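Here is a set of questions and answers for reading a structure step by step. Please keep the sequence and the 3D view open while you work through them.

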Amino acid sequence: QIPEEIRKKESSQAASLGIWGPPDAEFNWCEEDYQLSEWIAEPVNTASCVAMILLPLLFLATHEATGDVVTIACMEVAIAIGSMLFHATLRYSMQLADEIPMIWYVAAVVCSCLKRLKGLNIHFWAYGWVAILSIVILATEQHSLLHEICRGLMTLSFSSGLVVIGWGIS
C-alpha cells in the first residue's frame, strides 16, 4: 500500500500543463507539478540529479579506478539520468528508468564487496538475476501479476543487497 502523502496526485491543471501527458507514475513527490515549465514536472528534484551525474564522472576523471569501481560509478550516472527523466515527466516508464538502474547498482556493489572481502565471484549469478527481473518488468504490463511479482522480487533483492552491503558481509 502506497502511503497517501506520496501517492500520485490527480490534478487536471498539472495534466493539462505538462507536455508528457498526465502523470502516471506511482509516486508524485513534494513539488507541485509543472509550476515552472511545461517540460519539467518537478524542477528541483530534476535539477538535483545534475550533481549525481557530475560527481561520479569527476571521480573517474581524477582517480585511477578498478573495473568494479568504474561499473559502480556508471550505475550511479544511470540512476541519476533515470531519476532526472522520472522527475521531469512523472511517467511510469521513466519511474522504471529510475528504479531499474538502482537494482543494477546494488548488484554491482554487492558483487564488489563479496569479491573484495570474501573472495567470492557471484557476478554471473547476480547480474543474471537482475537481468531476468529487468527484462520481465520491462516486457510486462504495469499491473499484470507477473509484473507485480517481479517488482516485489526487485524490492526484496534491493533490500537484501543493502543488508549485505550495510553489514559488511560479516
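Q: At roughly what angle do the axes of H5 and helix H6 cross?
A: This is a predicted model, and in it helix H6 covers residues 145-166. The axes of H5 and H6 come within 9 Å, and H5 passes H6 in a left-handed crossing. The angle at which the two axes cross is roughly 145°.

Q: How many residues of the contact of H5 with H6 are nonpolar?
A: On the side of H5, the contact is made by Trp-129, Leu-133, Val-136 and Ile-137, while H6 brings residues including Leu-146, Cys-150 and Met-154. When the residues of this contact are divided by type, two are polar and one is charged. The number of nonpolar residues is eight.

Q: Are H2 and H3 roughly parallel or roughly antiparallel?
A: The axes of helix H2 (residues 43-62) and helix H3 (residues 67-89) come within 8 Å and cross at roughly 165°. Angles over 145 degrees count as roughly antiparallel, and therefore the arrangement of H2 relative to H3 is described as roughly antiparallel.

Q: Is Ser-83 buried or exposed?
A: Ser-83 is found in helix H3, and, leaving aside residues up to four places away in sequence, Ser-83 touches Cys-49 and Asp-98. Its relative accessibility is 8%, and because a residue under 20% counts as buried, Ser-83 is classed as buried.

Q: How many residues apart in sequence are the parts that the pair of Trp-104 and Tyr-127 ties together?
A: The structure holds three aromatic pairs, and one of them is formed by Trp-104 and Tyr-127, which are stacked with 5.9 Å from centre to centre and 20° between the planes. Trp-104 lies in helix H4 (residues 92-118) and Tyr-127 in helix H5 (residues 123-139), so the parts tied together are apart in sequence by 23 residues.

Q: Is the pair of Phe-124 and Trp-125 stacked or edge-to-face?
A: The ring centres of Phe-124 and Trp-125 are 5.0 Å apart, and both residues are exposed. Their planes stand at 85°, and because planes over 60 degrees apart count as edge-to-face, this pair is edge-to-face.

Definitions and conventions: Residues are numbered from 1 along each chain as its sequence is written. This is a predicted model: local features need pLDDT of at least 70, side-chain atom pairs count only at pLDDT 80 or more; totals for chains, interfaces and linings use all residues. Side-chain values use heavy atoms; hydrogens and water are left out. Rings of Phe, Tyr and Trp (its six-membered ring) pair if their centres lie within 6.5 Å; planes under 30 degrees apart count as stacked, over 60 as edge-to-face and the rest as tilted. Helices (H or I, at least four residues) and strands (E, at least two) are DSSP runs, numbered from the N terminus. Buried means under 20% relative accessible area, exposed over 50%, partly exposed in between (1.4 Å probe, protein chains only). Axes are lines fitted to C-alpha atoms, for helices over the stretch in contact, and angles run from 0 to 180 degrees between N-to-C directions. Angles under 35 degrees count as roughly parallel, over 145 as roughly antiparallel, 65 to 115 as roughly perpendicular and the rest as oblique. Contact means heavy atoms within 4.5 Å. A crossing is left-handed if the near helix is turned anticlockwise from the far one by less than a right angle, and right-handed if clockwise. Ala, Val, Leu, Ile, Met, Phe, Trp, Tyr, Cys and Pro count as nonpolar, Asp, Glu, Lys and Arg as charged, and the others, Gly among them, as polar.
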